[in-house]
Amino acid sequence: MLVTINGKQYEAEAGQTILQVAKKHGLYIPSLCYHQKVGVAGKCRACVVEVEGMRGLQTSCSVVVRDGMNVSTRSEKALQAQKLVVDLLLSSGKHDCLSCAQNGKCELQDAAYYLGIERPTLVFSDLEPHGDESSEFIKVDHNKCISCGRCVAACQKTVTNDVLDFGYRGANTEIVFDDGKLMGKSTCVQCGECVQICPVGALTEKKVAGQARYWETEKVKSVCPYCGVGCTMEIHVDRKLNKIVRVNGDENSPVNEGMLCVKGRFGYDFVDHSDRLTSPMIRNDDGSFRKASWDEALDLVATKLNDIKVKHGTDKIMGLASAKVTNEENYTFQKFMRTVIGTNNIDHCARL
Amino acid sequence: MTNDIAGLTKSDVALIIGSDTSEAHPVIAARLKRAAKNGMKLIVIDPKRIKMADYATIYACQRPGTDVAVLNGMMHLIIKNGWEDKEFIAERVEGYEALKAEVEKYTPEYVEKISGIPAKTLEEIAELYGKAPTAALYYAMGITQHTTGVDNVKSTANLQMLCGNMGKVGGGVNPLRGQSNVQGACDMGGLPVVYTAYQQVTNAEVKEKYEKFWGCSLNANNGLPMTVAIDKAYEGEMKAFYVMGENPMMSDPDLHHAEEAFKKLEFLVVEDIFMTETAKLAHVILPASTWPEKQGTFTNTERKVQLLEKAVEPPGEAKDDWEIHQLLANKMGQQWAYTCSQEIFEEMTKCTPSYAGMSYERLRNGYGLHWPCPTPEHPGTPVLHVGRFTKGKGTMFAIPFKEPAEMPDAEYPIYLTTGRILQHFHTATMTRKSPGLCNLAGPSVMVSVEDAETMGIGNSAKVRVTTRRGSIVTNAFVTKRIPKGTAYVPFHFAEAPANMLTNNALDPVAKIPEYKVCACKLEKA
């Protein structure tokens with residue numbers, strides 16, 4: 001079917017919402033509570049548009065398109081309402097961007113930029129800091145929360161951990177962990193789904209504070225190094241420092257749909273740990289190790305393996321392949337054992 | 001897995017037996033919990049009241065090591081009530097009569113005596129499962145790490161064939177594999193009896209094919225599995241080990257025995273990223289690159305091959321493992337000349353029928369491919385055994401229940417079982433480098449409220465766990481999730497290593513050690 005948005009016709013499919021059609025064609029409408037994963041919430045009202053023949057403004061995230069529908073996302077009335085919503089959201093908290101980890105990926109910031117809001121009209125200078133840093137990996141800043149409900153929906157419906165919910169009433173409504181515990185004292189397993197889906201800086205990773213910002217990192221596709229589920233991920237790399245800044249789940253992956261666990265998302269410290277082995281080592285007679293060149297170490301290995309082969313036979317040598325290295329490396333390892341050593345003594349810890 | 005991950009929400013019923021899914025495979029657990037919330041019925045059978053039980057329609061607490069009896073009991077009831085898939089059995093299965101005769105005696109009352117599962121609960125489970133149009137079965141090491149590991153696995157397959165749950169979306173026998181590329185390591189021939197794609201080393205035709213492909217003569221004899229090789233090293237029969245990215249000094253059963261074995265070797269070379277417990281015993285250590293530092297592929301638990309791109313540079317002089325193998329091979333007279341992992345992948349696909357249709361280009365332009373993928377046009381195979389089993393007819397096996405190798409007695413009255421916790425991975429070489437993960441979870445022994453009361457201890461009290469092999473002291477985690485008479489120790493922690501305690505009795509076929517059951521005693525320390 002065809003839908004007209006801001007005077008131009010676009011192809012649309014039955015069942016799509018106005019917001020989905022607009023997004024598909026690269027048209028921006030401010031929207032904060034909708035996320036493809038958790039679906040329509042219809043809460044924030046930032047996405048209101050005018051639809052010909054429909055009374056009042058409509059939330060584009062929840063209205064399904066009809067053939068021939070005529071939508072205006074930038075009419076004076078629509079823009080005014082969008083601006084009011086975003087202005088009030090900005091007024092309702094402390095949305096300071098300067099050291100916010102979400103800067104550059106904040107959907108509220110995007111909306112304010114689009115609508116040309118430099119400062120909120122109303123400023124409450126008496127807002128006390130209201131955060132929770134009790135969790136190991138995740139920081140909560142309630143003053144940046146816009147109560148969009150994405151994290152609550154994600155925790156309950158996506159990762160199904162059932163920890164996050166809304167608590168309290170009216171203007172005091174805020175996200176709570178279990179029955180109002182500190183995040184670190186709650187049953188939260190720190191999978192970080194809430195951080196990945198939060199549109200603002202209310203839920204951020206502690207580890208990224210002060211590190212390279214979103215636009216400074218290169219995003220590299222990878223697969224989690226831990227269990228066998230094979231969650232695909234996006235590694236955000238600071239090239240200048242050769243350092244991983246953060247890891248996000250790949251939202252389009254049929255394996256994990258953006259989800260990761262606490263290890264996959266936060267457990268990459270081992271990569272640049274100071275205990276990494278950085279040069280070959282050879283054991284001295286007294287049991288200590290000394291550094292060696294690759295040439296010296298490999299010469300020694302080659303000589304020793306050859307000697308044992310000749311003296312005792314090829315089947316006196318055993319090779320352990322690895323469930324943690326790539327297919328290519330397991331292939332070359334077994335090829336080495338079979339063709340160079342001449343044994344089928346190859347195994348790995350699949351059983352252990 | 002015979003089935004794919006994306007399809008796991010399509011079941012009417014799912015049975016989890018021997019998998020602490022939310023601890024060891026949290027993202028699959030999330031999908032199963034979500035499906036359960038949306039109407040899928042979930043059955044959980046486990047000695048521990050695992051988190052998944054909170055989402056289950058029925059949870060049954062079994063004694064450790066009683067899986068064959070429980071599964072035979074389910075099949076007894078399914079056959080007795082006529083809930084089996086008669087058409088599937090007639091067309092696609094052999095060995096049904098023998099199975100039927102074997103499970104005859106596994107009445108709910110008999111199974112209750114063995115497993116501790118109340119007869120009525122087993123009846124409810126069998127009815128829910130037997131009547132389901134499509135049911136999936138999930139297991140992990142809770143099924144395999146037994147002296148009856150092979151029997152247990154065959155029993156899961158018996159149940160799925162009996163109910164006609166094979167070869168369809170939402171069904172299947174689905175082992176959840178525990179390491180990022182454990183499936184791939186097996187597929188690539190990292191096993192003593194097969195080349196890539198499970199081609200037997202003792203098959204003369206296969207051997208000839210590889211001799212031609214690699215241009216050399218090959219050994220016609222099966223090699224040794226690691227558990228056997230370590231015993232032989234202990235006896236002084238093995239002379240050298242080359243260990244790549246593994247830490248048997250933490251992961252092997254009965255570590256005292258393993259250490260003696262390694263110390264008797266003439267030569268030990270370890271290729272790794274850290275000074276592991278095993279590397280400390282090596283004569284030569286070779287520094288390797290790790291996961292984000294190289295390009296390559298992993299094959300996950302659903303047989304899906306996925307591409308990893310290089311994100312950061314390795315530290316110091318560390319090299320990719322394949323590059324180390326090439327340098328060493330060439331020192332030993334070969335002329336290997338790979339310039340990148342893609343070239344290795346291309347060579348591998350030429351001798352590996354199930355990967356033959358894959359290429360980096362195809363893997364990059366999507367989200368990987370499930371094997372078998374025999375041709376460049378083939379879309380991959382998310383569900384195995386559709387319409388026909390790979391081998392023709394599926395074989396059912398009549399399997400009698402056998403007790404674990406070591407049972408609790410007067411001296412060691414408690415069942416000891418081991419496994420993983422969410423925050424750590426395997427021997428924790430990687431996860432314990434994360435201060436955050438270490439703060440979240442450390443070594444412990446999970447004990448029941450009743451046993452804690454008997455000892456007069458509370459949470460975090462020091463407890464000594466002793467078996468016939470060794471003894472550790474660690475912190476008690478007193479929990480209602482563990483039944484009286486059972487203790488659970490995660491195996492990640494070098495200062496309280498579960499494998500000082502475990503029994504190195506092996507399954508006679510798979511040579512897998514019985515990590516899930518042995519006898520211990522608990523004392524206040």
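Trainee: Which residue stands opposite A:Met281?

Mentor: Heads-up: this is a predicted model, where local features need pLDDT of at least 70, side-chain atom pairs count only at pLDDT 80 or more, and totals for chains, interfaces and linings use all residues. Residues are numbered from 1 along each chain as its sequence is written, while chains are lettered from A and ligands numbered from 1 in the order in which they are written. Strand E14 (residues 281-283) of chain A pairs with strand E9 (residues 284-287) of chain B, antiparallel, over two bridges; strands are DSSP runs of E, at least two residues, numbered from the N terminus, and a pair needs at least two DSSP bridges. The residue of E9(B) opposite A:Met281 is B:Ile285.

Trainee: Which helix gives the largest share of the side of chain B that touches chain A?

Mentor: Contact means C-beta atoms, placed from the backbone, within 7 Å. That takes 98 residues from chain A and 116 residues from chain B. Eight of chain B's come from residues 321-331 (helices being DSSP runs of H or I, at least four residues), and that largest share belongs to helix H15 of chain B.

Trainee: How do H3(B) and H9(B) lie to each other?

Mentor: Helix H3 (residues 67-80) and helix H9 (residues 149-162), both of chain B, have axes 9 Å apart at an angle of about 15 degrees. Axes are lines fitted to C-alpha atoms over the stretch in contact, with angles from 0 to 180 degrees between N-to-C directions. Under 35 degrees counts as roughly parallel, so H3(B) and H9(B) are roughly parallel.

Technical notes:
Two residues are in contact if their C-beta atoms, placed from the backbone, lie within 7 Å. Angles under 35 degrees count as roughly parallel, over 145 as roughly antiparallel, 65 to 115 as roughly perpendicular and the rest as oblique.
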